[in-house]
Amino acid sequence: MLDCSLDMSTLQHFIPLSLVNNEKVSQAKVWTTRELQDIEGFSAQNNLKEIAGKIFIDAEPNCCPPEECLLDFSNIDIILISNYHFMLALPFITERSGFKGKIYATEPTVQIGRELMLEMVVYAERVPKISKGDMWRKSEVLRCLPPPLCDLKGTKSWKTLYSKDEVRASISKVQNIWYSEKIDLFGILKLTALSSGFCLGSCNWVIESDYEKVSYISCSSTFTTHPLPMDQSLLKNSDALIMTGLTGAPTANPDAMLGEFCTHLATTLKNGGNVLVPCCPSGVLYDLFECLYSYMDNANLTSIPIYFISPVADSSLAYANIFAEWLCQSKQSKVYLPEAPFPHAELVKTGRLKHFPSIHDGLSSCFKTPCIVFTGHPSLRYGDVVHFMELWGKSSGNTIIFTEPEFPYLEALAPYQPLAMKACYCPIDPRLNFTQANKLIRELQPGHLAIPEAYTRPPDLLPHRTDLTIQDTECKISTFSFLDVLSLPVNRQFEKVILSNELASSLHPQEVRPGIAVTTVTGTLVTKDNRYTLEPLHLCGDEELDKKRDPKMERKTSQKSCHLWGSVLVEDLLRSLGKRGIQDVHVESNQGTHTLHLAQDDAMIQLDGSGTHIVTHGNEALRVDIRDSLLDCLSQF
């Protein structure tokens with residue numbers, strides 16, 4: 001199984017979990033229709049509310065784990081995780097299914113992925129929601145709702161988040177690996193993780209046998225940021241290449257977006273306003289801190305405090321400095337100076353960056369405005385960001401800046417409308433864009449390419465932008481969509497067989513031409529742990545008893561095999577026959593076939609490309625002489 005990401009787009013349909021009683025939500029009108037009231041039990045379980053003309057579900061937010069309809073997780077042997085964003089569904093699989101296999105990921109992926117999961121669990125558990133029921137999931141209810149709720153699919157598989165204990169139990173099952181480390185899978189395949197350049201510990205995977213290779217490219221980046229650069233070495237010339245995880249903002253250049261981010265931030269702060277940045281507690285956040293470190297100095301904004309609020313803020317900042325060997329070379333070199341690889345360590349040391357687990361843990365004692373607040377969750381459905389939206393949303397002097405491309409910002413803001421604060425969308429997504437992906441495919445030269453079907457057509461809002469597609473590849477392409485089953489054209493044609501030392505020492509190669517030696521091999525093929533070994537052939541049964549039954553057996557089995565090779569030249573054969581007293585030979589040649597007539601002995605020898613035929617009319621002594629003459633003309637081994 002390649003990755004186990006959690007679909008969190010479902011969060012947009014729920015009302016935000018507020019830390020304090022939200023007057024807007026509590027006074028929101030319960031939404032219903034006559035058709036819904038006729039459904040038995042719906043009125044008692046109605047948790048639909050209307051806010052600013054849109055319908056939301058007033059319940060604990062649900063997410064969508066991987067679908068179980070196509071496969072049984074107990075049949076999965078291996079799960080490969082390419083980055084910490086793509087492991088958030090792991091507890092659903094390891095703790096709530098029959099999965100008993102192995103999980104592989106890099107150490108930063110495991111540790112930071114755990115922090116991301118714990119953060120979401122804390123946010124959800126901090127504001128417990130009393131359930132009124134789940135009638136809203138039923139198809140007969142959904143079809144009566146306005147868009148987009150009426151178009152929802154698979155709502156019965158949506159789930160509330162796991163617990164902290166499930167997160168810890170799930171993480172304990174993951175096996176850490178290093179970049180370029182070879183992992184043996186059941187003796188059949190070799191597994192290798194390569195740096196993808198996207199975030200700390202992110203990787204692409206190469207799965208190969210002795211003669212075939214399949215590569216999986218997930219979220220990757222060629223931009224020069226804090227992770228180790230992308231490693232393309234083993235990805236080349238794959239029999240099949242699976243490519244996913246391209247940028248979610250194909251028209252937005254990350255460097256340009258970073259510039260816009262700083263511009264909007266500076267404008268707001270200079271006008272006395274506050275800036276709110278919904279974010280995940282790692283990844284691009286480290287680059288934003290680094291950018292602000294120099295930008296605010298140049299813009300004379302050094303007195304503006306920066307607050308980072310997350311249940312895992314402390315460990316997130318620490319991990320960025322701990323995992324030095326997973327950073328790019330320029331940041332690794334700072335560790336040996338010694339110097340902190342990231343400037344946010346200096347910001348913390350000087351007091352310009354303050355971090356807190358929540359708004360209730362010491363923030364009030366040092367909080368001052370104007371300021372910059374980084375907090376979660378980017379969906380605006382739970383976390384401390386909900387409090388700041390309610391606190392600052394009524395002032396037009398404040399600004400919220402969205403940098404995460406995974407959550408549509410208009411849908412995120414919908415339950416907070418009407419909103420006075422300014423909203424800016426600056427998606428900073430360093431993943432491969434389509435131009436970079438097309439160039440990479442040409443360089444890697446895979447035999448076959450498998451990509452999502454959406455990559456072959458322009459975005460719906462930009463139908464004329466054919467450049468925002470995978471195109472002009474020199475290999476065959478297969479596409480897949482939701483719930484599609486795709487068979488990759490990778491067929492195993494050969495298996496590797498190892499000669500045992502004992503058998504190899506008994507061989508007697510004969511040189512047939514300079515640099516080439518040939519011998520025959522007879523042995524027993526032994527299969528163990530999916531590896532094939534050729535061992536010496538041992539006859540079954542009691543060998544002593546067999547020898548008594550056939551005294552010649554020992555001589556036969558110990559005798560070396562003799563094999564002939566090469567072509568018989570007529571001139572060589574005539575000389576060899578002459579040595580044995582056969583002189584009167586008449587030769588006829590026709591299109592590669594040679595017929596030798598032995599007039600004195602009334603015999604004939606016929607040579608052609610398929611074999612040699614001897615006709616002696618029962619003269620056994622003559623047949624033996626002709627045979628020996630032919631053997632003299634051929635090489636043996």
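**Exercise 1.** Which orientation do α8 and α9 have to each other: roughly parallel, roughly antiparallel, roughly perpendicular or oblique?

Before the solution, two notes on the model. This is a predicted model, in which local features need pLDDT of at least 70, side-chain atom pairs count only at pLDDT 80 or more, and totals for chains, interfaces and linings use all residues. Residues are numbered from 1 along each chain as its sequence is written, and side-chain values use heavy atoms, with hydrogens and water left out.

*Solution.* 
1. Locate the helices: α8 covers residues 254-270 and α9 covers residues 284-298. Helices (H or I, at least four residues) and strands (E, at least two) are DSSP runs, numbered from the N terminus.
2. Take the geometry: the axes lie 11 Å apart and the packing angle is about 55°. Axes are lines fitted to C-alpha atoms, for helices over the stretch in contact, and angles run from 0 to 180 degrees between N-to-C directions.
3. Classify: under 35 degrees is roughly parallel, over 145 roughly antiparallel, 65 to 115 roughly perpendicular, and the rest oblique. α8 and α9 are therefore oblique to each other.
4. List the contact (heavy atoms within 4.5 Å): α8 contributes Leu258, Phe261, Cys262, Thr263, Leu265 and Ala266, and α9 contributes Leu288, Cys291, Leu292 and Tyr295.

**Exercise 2.** Classify the pair α5 and α7 by the angle of their axes.

*Solution.* 
1. The axes of α5 (residues 107-126) and α7 (residues 164-171) cross at roughly 170° and come within 9 Å.
2. The two helices are therefore roughly antiparallel to each other.
3. Lys164, Val167 and Ile171 of α7 meet Val110, Arg114, Met117, Leu118, Val121, Val122 and Glu125 of α5.

**Exercise 3.** Find the buried face of α20 and name what covers the buried residues.

*Solution.* 
1. Seen down the helix axis, the buried residues of α20 fall within an arc of 125°, so they line one face. The arc is that of the directions from the helix axis to the C-beta atoms.
2. Arg575 and Lys579, on the other side of α20, are exposed.
3. The cover over the buried residues includes β26 (585-590), β27 (593-598), β28 (603-608) and α21 (620-632).
4. After α20 comes Gly581, with a positive phi near 85°.

**Exercise 4.** Is Thr469 buried or exposed?

*Solution.* 
1. Thr469 sits in the loop between β18 (448-452) and β19 (476-480).
2. The relative accessible area of Thr469 is 5%, so Thr469 is buried.
3. Leaving out residues up to four places away in sequence, Thr469 touches Phe434, Asn438, Tyr455, Thr456, Arg457 and Pro458.

Methods. Buried < 20%, exposed > 50% of the residue type's maximum accessible area, 1.4 Å probe, protein only.
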